[in-house]
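Here's a model to look at together.

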Amino acid sequence: MLRSVRVRLTLWYLLVFGVLLAGFSLAIYLKLSRDLYSRLDRSLLNAARTAAASFQTETSEKGGNARAGAAEALVEMRFPESYIAIYQGSSPLASNYPEGEHPVIPVDLSYVKQSSTPIFDSVPGFGGDGARQVLLPVKAGRGDYMVLATEPLHDFAEQLESMRRVFYLGLPAALAVAGIGGFLLARKSLAPVVAMSNQAERIGASNLHERLTVGDGADELSHLARVFNELLSRLDRSFESMKAFTADASHELRTPLSIIRGEADVALSQDREALEYRESLAVIQDEARRLSRLVDDMLELARADAGQRSLRIQEFYMNDLIDDCARAVQSLSLKKGIRIDLRPSSDLPFCGDEDLLRRMILNLLDNAIKYTPDAGVVTIETVQESGSIKIAISDTGAGIPAEAAPQIFDRFFRVSQSRSRIEGGAGLGLAIAKWAAEAHGGNISFVSNAGAGSTFTVTLPSDTRTA
Ligand code: ADP
């Protein structure tokens with residue numbers, strides 16, 4: 001039961017509320033009893049002072065006879081609650097105490113003699129509740145006397161007792177009401193969480209597109225639902241792209257595999273000339289090459305996605321790397337009569353993953369040559385700007401239609417499926433190039449006018465170690 005957040009919240013609430021309520025009640029009780037005592041002490045002192053004044057007057061009227069003065073003073077003295085006694089030393093001269101009750105002198109009277117201030121004390125007696133007394137030194141005639149004013153505490157005790165009763169009964173009742181209220185409140189506040197977890201429980205791989213209901217408020221629960229929905233959207237997107245990737249990958253793999261199988265089947269269906277076998281094997285070799293390039297590309301991207309492809313950073317000259325790449329695609333460009341215009345650049349020392357950047361540049365050059373008609377021109381220009389290096393590869397090819405622009409860097413995307421396949425691409429070249437640029441803290445962009453060629457520009461920070 002304690003595992004339930006509702007119960008735990010209620011218990012915590014009760015604990016805090018109970019401690020506060022008990023502390024508050026105790027403070028009220030103490031304050032009230034102190035006020036009652038001080039009011040009592042004031043009324044006792046008033047009674048004692050009145051009695052002392054009367055005692056002094058009566059004693060002087062009786063010619064200095066203190067006993068007669070005391071008796072006379074007390075006959076006139078009647079207070080509703082207080083009783084008075086007048087002492088000389090420890091012997092009472094007179095008192096108006098009720099029958100059977102005896103005044104109690106709280107302290108040593110020899111000490112009291114020297115004292116000129118009243119002494120307050122609580123004493124036992126008076127029906128079990130005790131009494132409050134004040135002892136007031138007084139001079140009458142030529143003698144020192146004490147006036148003792150006493151008030152029984154039963155009224156006082158009754159008031160405190162009734163207040164304690166209120167607390168004893170009220171505290172548990174208040175706690176019970178607070179507990180029920182707290183539990184209902186906790187249940188109401190947690191109801192959206194319960195609803196959310198029920199909804200979330202129903203979401204699985206087959207219905208990842210479903211979302212939690214988000215309240216219209218800006219509270220924590222709406223925020224939680226929104227965050228959870230964003231997480232679901234991210235999962236949904238990556239799940240969808242994984243599904244698309246798997247579907248595209250199997251589609252791409254199926255084509256060369258079926259060509260290889262078909263070619264082998266045809267070659268083996270009957271005895272053939274050596275030349276025919278040679279031709280079939282050449283087709284098979286071609287498709288096998290395409291397959292292994294495709295698998296390499298897919299592996300590279302899968303490793304990049306899994307974060308397993310860390311950069312192997314080293315120092316090299318970017319201009320040398322670009323020269324190498326231009327040389328590597330020369331035979332391809334010569335076949336189509338395409339001129340490669342490599343604009344000269346100064347030495348550009350660079351720090352990065354040379355192999356990955358080589359692959360990126362080769363992919364861009366390969367595309368530029370593939371998608372440019374015979375006798376076209378491919379231009380490579382490298383410029384150093386403050387803090388970055390820009391590599392621009394332009395061609396005089398067919399360009400990229402505007403509607404294809406948003407997807408051009410997507411995996412397996414080809415503007416014209418049939419044409420690209422003839423050219424040998426699977427639609428992974430630009431995805432790898434984009435990843436390579438971004439892994440170095442840079443970016444890749446392109447401008448293209450249909451029919452007027454394309455320019456792909458890679459911008460890399462000069463020092464990728466700070467990227
Ligand atoms: P592929 O391996 O098919 O070339 P890429 O990812 O390299 O795949 O390119 C994706 C698509 O973008 C290509 O199929 C092609 O249609 C288009 N494309 C890429 N570069 C160029 C370019 N320089 N000129 C025209 N189209 C291009």
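This is a predicted model: local features need pLDDT of at least 70, side-chain atom pairs count only at pLDDT 80 or more; totals for chains, interfaces and linings use all residues.

Residues are numbered from 1 along each chain as its sequence is written, and side-chain values use heavy atoms, with hydrogens and water left out.

Find helix α4, residues 154-202. Helices here are DSSP runs of H or I with at least four residues, strands are E runs of at least two, and both are numbered from the N terminus. With 49 residues at 1.5 Å a residue, α4 should span 72 Å, and its end C-alpha atoms sit 70 Å apart, which agrees. That expected span is 1.5 Å times one less than the number of residues.

Some of α4 is buried (under 20% relative accessible area; over 50% is exposed, in between is partly exposed; 1.4 Å probe, protein chains only). Its buried residues include Phe156, Leu160, Met163 and Phe167. Among what covers the buried residues are α1 (5-61) and α5 (220-268).

Now the rings. The whole structure has nine aromatic pairs, meaning Phe, Tyr or Trp rings (for Trp, the six-membered one) with centres within 6.5 Å; planes under 30 degrees apart are stacked, over 60 edge-to-face, the rest tilted. Tyrosine 83 and tyrosine 97 have centres 6.0 Å apart and planes at 40°, so they're tilted. Tyrosine 83 is partly exposed at 21%, whereas tyrosine 97 is buried at 11%.

Technical notes: Contact means heavy atoms within 4.5 Å.
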